[in-house]
Amino acid sequence: MSKTVISVRNLTKRFGNFTAVNNISFDVYRGEIFGFLGANGAGKTTAMRMLCGLSYPTSGSGTVAGFDITREGEMIKRHIGYMSQRFSLYNDLTVGENIKLFAAIYGLSKQNTGKRTDELLDRLNFSSERNTLVGSLPLGWKQKLAFAIATVHRPEVVFLDEPTSGVDPITRRQFWEMIYEAAEGGTTIFVTTHYMDEAEYCSRVSIMVDGEVRALDTPARLQQQFAAESMNEVFRTLARDAERGE
Amino acid sequence: MLIVMLIPVILMVMFGFAISTEVNNINIAVVAPERTGAVKDVVGRIAHNDYFTFYGYIDQDQIDKKLRSGKVSVVAVFASNFDRRMEQISAGLPSKPVIQFIVDASNVNTASASIAYLQSILPGTASQQAMFETRMLFNPQMKSAYNFVPGIMGLIFILVCAIMTSVSIVREKEVGTMEVLLVSPVRPVKIVFAKMIPYFVISCVILVMILLLAHYLLDVPMSGGVWGIFSLSLLYLFLSLSLGLLISTVTKTQVAALLISAMVMLVPVLLLSGIIFPIENFPKFFELLSNIIPARWYIAAIRKMMIQGAALAAVWKEGTVLLGMTAVFIGVSLKKFNDKLE
Amino acid sequence: MRTFIVLLQKEFTQIRRNSFLPKLIVAFPVIVMLIAPLLMTMDVRNVNVAIVDLDRSTTSHRIVSHIKASEYLSFVGATAEFDLALRDLEKGKVDVIVQIPNYFERDMAVATAEKISITANAVNAIKALIGTQYLVQTIARTVVELRGEKSPNQLSELVTVQNRFNPTLNYRHYMIPALMIMIFILMCGFLPALSIVGEKETGTMEQINVTPVSRLTFILSKLLPYWITGIFVLTMAMIVAHLVYGLIPVGSVGLIYFGAVLFILIISGFSLTVANFSDTMQQTMFVMFFFIMIFMLMSGLLTPIDSMPAWAQKITFILPPRYFVDILRSVYLKGTSFAEQWYNFAALGVFTVIFNILAAVTYRKQA
């Protein structure tokens with residue numbers, strides 16, 4: 001097995017009496033596309049926010065890219081990319097300005113920024129849109145751009161929180177091609193989604209129910225284990241006895 | 001939501017007590033070359049007056065410093081051989097001025113009030129005052145609150161209501177739920193009113209609390225009848241909500257809606273509606289301009305009803321203007337709404 | 001450093017692209033400075049006087065003509081019936097009614113003579129008070145004059161008044177510094193809070209929080225544009241005050257800028273703190289609105305602190321604008337020096353430290 005990039009042990013997050021994430025443990029390895037599945041409210045986003053250094057765990061521990069999630073949040077941030085379910089680039093800045101901004105934030109030098117911008121725009125076929133305001137792009141384009149920007153500094157891990165929600169199937173397809181491309185380049189992808197067909201693209205999948213990880217394996221083995229035809233069926237079997245509703 | 005109701009109430013209480021233009025506690029220093037009996041007599045009169053606080057005797061060369069540092073607001077400078085001159089005066093002989101008041105006029109109001117007070121304190125003015133019988137109608141205790149409470153009500157209602165409605169509607173626009181509502185078969189009028197009703201209810205609660213506070217805590221009389229005041233205030237609340245609605249139709253983002261309803265509106269309402277600065281002092285053009293500020297009409301009417309004891313019928317003019325303005329705001333907003341649909 | 005510069009560029013680009021902000025930043029202070037001083041006067045002038053003349057004597061005619069001549073009083077009309085005048089007073093057409101009793105001229109010298117009655121609408125207490133005082137003086141002077149007494153024998157006539165620092169008693173000069181502070185409070189108070197909460201609502205804030213950018217860098221990049229705006233606004237306001245109202249600071253301009261810088265730091269730090277605590281625009285706005293109203297109405301900007309009840313005066317000590325109002329007015333109008341105002345500057349300094357530490361501490365990237 002290759003190098004461990006994310007390692008989580010007994011991670012728990014409570015908000016008052018509510019346990020959003022309950023004692024989860026797992027490992028993610030370099031170059032994997034790790035699917036983090038669960039119904040709405042299962043605790044996916046909370047878990048992911050702890051891994052990204054946005055939120056402190058109540059108990060338990062974890063490392064991301066070799067740094068402790070409780071104590072070294074700021075170090076983690078240098079080595080990861082993040083794209084949230086809400087589209088979160090600056091709508092009132094142009095495509096080029098957004099890339100430049102995040103490149104600078106991640107410490108790319110001026111020369112590198114220029115090179116990287118051309119490279120990204122080229123890969124996205126966006127070169128003509130460099131001076132377009134992001135706000136006026138269609139949603140699918142925005143999401144692709146957001147992904148590109150999340151990888152602008154070639155991070156070790158990219159966290160994607162429901163990156164394709166609300167996007168048309170063709171763009172989703174293209175989006176996944178970009179994910180594959182990044183993974184082949186050695187970037188680890190940590191992705192949450194509720195599209196079960198997308199789960200089948202992942203190298204390994206974990207399924208969260210009521211704040212706990214109920215299943216974790218490759219999609220093929222999970223289907224085998226649950227005697228299911230598709231990931232969708234696996235998911236439904238697990239989600240059936242969920243207590244937290246939609 | 002609690003905060004929305006608490007804020008106006010707290011503001012009302014604080015401002016009701018604290019906003020005042022009553023001039024008192026004026027610090028006065030005295031420069032007197034000789035502290036004779038006659039001088040001490042005049043100084044004693046000043047020191048015993050409620051409006052003044054006697055700072056002490058100072059030297060001629062300290063005058064400027066004391067005034068500039070704000071330690072005192074007035075310096076009374078007595079002429080040398082004050083006693084002898086006073087004798088001449090009482091003998092009916094002409095004399096040069098015997099006292100000079102040097103006033104810190106950077107605060108104009110305090111300056112002119114101090115002089116007015118001082119002149120009525122000086123010996124020899126008693127016979128003048130005896131000629132008059134003065135009545136202070138509606139506000140015999142000369143309380144500032146009487147003048148400011150209606151003003152503060154007018155200010156708080158319009159701002160709070162406009163902020164609430166404009167922001168909540170623009171928020172729906174930003175999030176996109178407004179579109180969903182607008183494409184539904186429900187008529188825009190209904191959507192708009194449905195949005196306004198909860199805020200109207202909240203405003204009514206605020207209104208009741210403020211009226212209770214004004215009466216029981218700030219002792220503002222409601223001599224014109226509570227129902228008249230209440231119904232006119234309801235109309236004003238409705239107007240303020242409609243104004244918020246209008247703002248929401250011309251802005252796209254919450255930030256813009258907020259800036260318009262809280263920041264841009266605050267200044268004209270505060271300055272043009274006669275809350276603090278009397279409208280009759282305005283240059284002609286602005287006196288006319290103030291007519292388009294709804295708060296101006298409301299405040300004028302409420303002052304009449306709360307303090308002068310006028311009945312609702314006596315403020316029909318103000319009421320009609322407010323009603324007309326409401327109609328315009330609603331009309332324009334609905335038109336804007338419909339335009340967007342097409 | 002490069003991160004900071006790029007972040008700063010981003011802020012300026014965003015302000016520039018906003019359809020509303022640039023106009024607001026330029027137009028708001030200029031318009032307010034141009035117009036507001038015309039409106040902010042509490043001078044008691046044009047007190048409307050109605051006369052009920054029951055005497056119809058030479059004396060009463062003389063009184064009327066003196067009232068007409070007074071620059072503070074304006075004569076509305078004479079009626080024979082008090083009730084008619086009272087009705088006008090209730091409508092707001094008349095501020096003060098003077099009733100000269102029957103046989104006033106004849107009985108004037110007698111101690112038991114019927115008195116002149118002055119009835120004032122005291123809803124606006126200060127106006128009633130000063131207006132009445134003017135009337136009393138005007139009438140008394142007329143009577144003294146008619147009695148044929150050659151020389152003034154009233155001490156009050158032998159008093160001269162020297163109005164320091166504002167010899168023409170121009171209310172505008174008193175209010176212009178206050179206006180500048182009002183503009184500061186509004187611009188530097190609302191704008192940074194809105195800009196931060198705006199990023200929270202759209203989600204870009206979270207995007208920034210997940211990057212390695214340091215808290216200080218980000219906060220500074222948010223605040224610096226508004227500090228610059230504040231200084232720009234002050235300069236514009238001072239130019240307008242000079243060109244339009246001929247008001248030039250008597251004291252040191254450097255001192256004004258020094259105070260202004262401290263004040264801007266306080267207000268923007270405060271604004272940031274509020275933004276850190278709130279998640280939605282509406283919440284931020286109500287909280288800011290609450291404090292801004294208190295800042296504007298309770299720190300001596302519009303009505304003097306000395307007129308407030310004791311408990312309210314105590315509250316004003318925790319309001320930063322209170323100190324700046326004092327500084328700006330004294331330096332602008334009286335030419336007060338730093339040595340005479342050090343305590344106000346010290347207070348501002350303390351607030352600057354408090355609010356900015358608070359802003360930095362309450363901004364969390366990781367919760």
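**View 1. Chains B and C share the most contacts of the 2 pairs of chains in contact.** Contact here requires C-beta atoms, placed from the backbone, within 7 Å. Chain A and chain B do not touch, and their nearest C-alpha atoms lie 12 Å apart. This is a predicted model: local features need pLDDT of at least 70, side-chain atom pairs count only at pLDDT 80 or more, and totals for chains, interfaces and linings use all residues. Residues are numbered from 1 along each chain as its sequence is written, and chains are lettered from A and ligands numbered from 1 in the order in which they are written.

**View 2. The side of chain C that touches chain B.** The contact draws 90 residues from chain B and 81 residues from chain C. On the chain C side, α6(C) gives the most, with 11 residues. Helices (H or I, at least four residues) and strands (E, at least two) are DSSP runs, numbered from the N terminus. By type, this side holds 48 nonpolar, 23 polar and 10 charged residues. Ala, Val, Leu, Ile, Met, Phe, Trp, Tyr, Cys and Pro count as nonpolar, Asp, Glu, Lys and Arg as charged, and the others, Gly among them, as polar.

**View 3. Strand β5 (residues 132-137) of chain B runs parallel to β4(C).** The two are joined by 6 bridges; pairing takes at least two DSSP bridges between strands. Thr134(B) has Ile118(C) as its bridge partner in β4(C).

**View 4. Surroundings of Phe184(C).** Leaving out residues up to four places away in sequence, Phe184(C) touches Gly230(C), Val233(C), Phe263(C), Ile264(C) and Ile267(C).
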